[in-house]
Amino acid sequence: MNKQFDVIVIGAGPGGYIAAIRAAQLGFNTACIDEWKNSKGGPAPGGTCTNIGCIPSKALLQSSENYDQAGHHFADHGIEIKGLGMDVAKMLARKDQVVKQNNDGILFLLKKNKVAFFHGRASFATAGEAGHEIKVAGAEALMLTGKHVIVATGSTARALPGAPFDEERILSNDGALRIPDVPKKLGLIGSGVIGLETGSVWRRLGAEVTILEALPTFLGAVDEQIAREARKAFDKQGLKIELGVKVGAVAIDKNGVSVAWTNAKGEPQTLKVDKLIVSIGRVPNTEGLNAQAVGLKLDERGAILVDDDCRTNLPNVWAVGDVVRGPMLAHKAEEEGVAVAERIAGQHGHVNFNTIPWVIYTSPEIAWVGQTEQQLKAAGVKYKAGTFPFMANGRARALGDTTGMVKFLADAATDEILGVHIVGPMASELISEAVVAMEFRASAEDIARICHAHPSLSEATKEAALAVDKRTLNL
Ligand code: FAD
Ligand code: NAI
């Protein structure tokens, strides 16, 4: 069977399925191919994000947060709970249900937009007159031809050399979302985004958590003041984080995993844990694409080489999301997917890399957009800073969550907002206002002059903007 399409998208993660929907909206006859299987062997579109990333991790973060609230904070509200317990199996089943709702939702959206979905592994075959031939190895073998191909094959977890994932003792983000019982001792390698989010889940449920991080600074990409504030909160929660370490041999035995490591002073140490999660970054996924055979160029990291517009070296072959340069974030993948579909249609799709927000869904949440204070200093940019603590925000007090602050960085001469950094309650939601402001190239004064609802956490944003001009009203 041979089927001809205007656009073939390989991968149905956030980059791929969104690109396919946008292409179909623009009138293209579009196919989307994805190989992910659910527990019954059926299709499970949504990629890493839906199946073993953003969505399930946030489901577990919510469950563990609720447990933590019930155990430690409900009493402050006069709510008494006796015999509080945690049914891990139920928590995992709920998470699986949330994943399934998203898989089903994406299948529905593809159908609604008349995108032809194929379940199987796609690889490049040849390029002919009619376009690129893509082989699909699924329940039945198919050959599709596309005038345009968008590769959105995502990324996979990077393993420590000599310590492959067995997903029983040494876990990637996949196994980390399926731990059947709360481990007594849990080790994590890497205190990046996954290390902190996943470490938080199991710490809240009672595990003794130790995170070993190679870099000497905590959250080096985050504004230093914000990272310091977050670190204080994580220390209080009992997350043990060791910085500047060198991880050596990892061995599995019948009792668990032991990790030889050297601390920042160069002293040799051993960490013995029941389970070890390795979260040291991710590698672009081009395995099985047959990229070399068709001459699709990769960089030294294995990412597909693209220009600013996501064009590869092959005519009419595009690549988006984790498989190309840039931050490995679902919303970045989506933006690129939309922009590419629009470029194929002759429109001017655009992704503004300066306004991509980052969120770490710990408690407190950490969110930011734009430049950090250390980046501005390094670039010699003259800036003004304004901060406002949640401690002085009425809504935060009512919520019982006053950790953290909002911080604005604005150009010293023009007052244009250059960066906004938040650590505190609902930072993930609050950051949107800053993204909108920066997209419209607003000044700190613009935010300071806008009416914000009272009482709301967003008033801390307004006050931090006022603080840039040293005129906070509530501090
Ligand atoms: P993916 O989501 O990886 O999708 C790629 C798809 O392509 C997969 O379904 C795969 O099966 C399929 N595929 C690959 N090769 C082939 C082939 N040859 N044929 C057919 N199909 C193929 N980002 C955020 O923005 N917010 C978060 O909160 C967040 N949390 C995360 C938590 C964890 C634990 C992890 C691991 C990641 C998280 N991320 C988060 C990152 C986010 O998941 C990725 O940035 C995002 O999924 C990238 O989307 P993508 O479409 O490029 O690739
Ligand atoms: P990461 O890049 O966030 O963090 C990896 C950490 O491991 C770094 O701090 C690094 O210094 C450290 N490291 C690397 N090698 C090491 C070694 N040998 N020993 C000790 N430490 C070592 O990567 P992570 O946490 O694996 O997540 C991958 C990506 O997934 C993130 O960069 C992010 O793009 C995405 N993600 C996004 C989330 C979000 O948006 N909330 C949540 C989870 C993941």
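Predicted model: local features only at pLDDT ≥ 70, side-chain atom pairs only at ≥ 80, totals over all residues.
1. Thr-48 places a polar side-chain atom 2.7 Å from an oxygen atom of the ligand. At Ala-330 the contact is made by the backbone: one of its polar atoms is 2.9 Å from a ligand oxygen atom. The protein buries 94% of the 990 Å² that ligand 1 exposes when taken alone.

2. The shell around ligand 1 has 38 residues, of which Asp-34, Thr-48, Lys-58, Ala-122 and Asp-322 come nearest. By class, 16 are nonpolar, 16 polar and 6 charged.

3. Several elements supply at least two shell residues each: helices H1 (14–25), H2 (47–52), H3 (54–72) and H9 (330–344), along with strands E2 (30–34) and E3 (116–128). H2 gives the largest share, 4 residues.

4. Five strands form an open sheet with antiparallel pairing, in the order E17-E18-E21-E20-E19. Strands E17 (358–360) and E19 (383–389) each have a single partner strand, so one side of each is left without a neighbour in the sheet. From one strand to the next, the twist averages 10 degrees.

5. E19 and E20 (residues 405–411) run antiparallel and are joined by 7 bridges. Among the bridged residues, Pro-389 has Met-405 of E20 as its partner. Helix H14 (residues 458–468) packs on the sheet and touches both E19 and E20. The direction of H14 makes about 140 degrees with that of E19.

Definitions and conventions: Residues numbered from 1 in each chain as written. Chains lettered and ligands numbered in written order. Heavy atoms only, no water. Near = heavy atom within 4 Å. Polar contact = N/O pair within 3.5 Å; in protein donor to acceptor, adjacent residues only side chain to side chain. Areas by Shrake-Rupley, 256 points an atom, 1.4 Å probe, with all protein chains shown as cover. Nonpolar A, V, L, I, M, F, W, Y, C, P; charged D, E, K, R; others polar. Pairing = 2+ DSSP bridges. Axes fitted to C-alpha atoms, helices over the stretch in contact; angles between N-to-C directions. Contact = heavy atoms within 4.5 Å.
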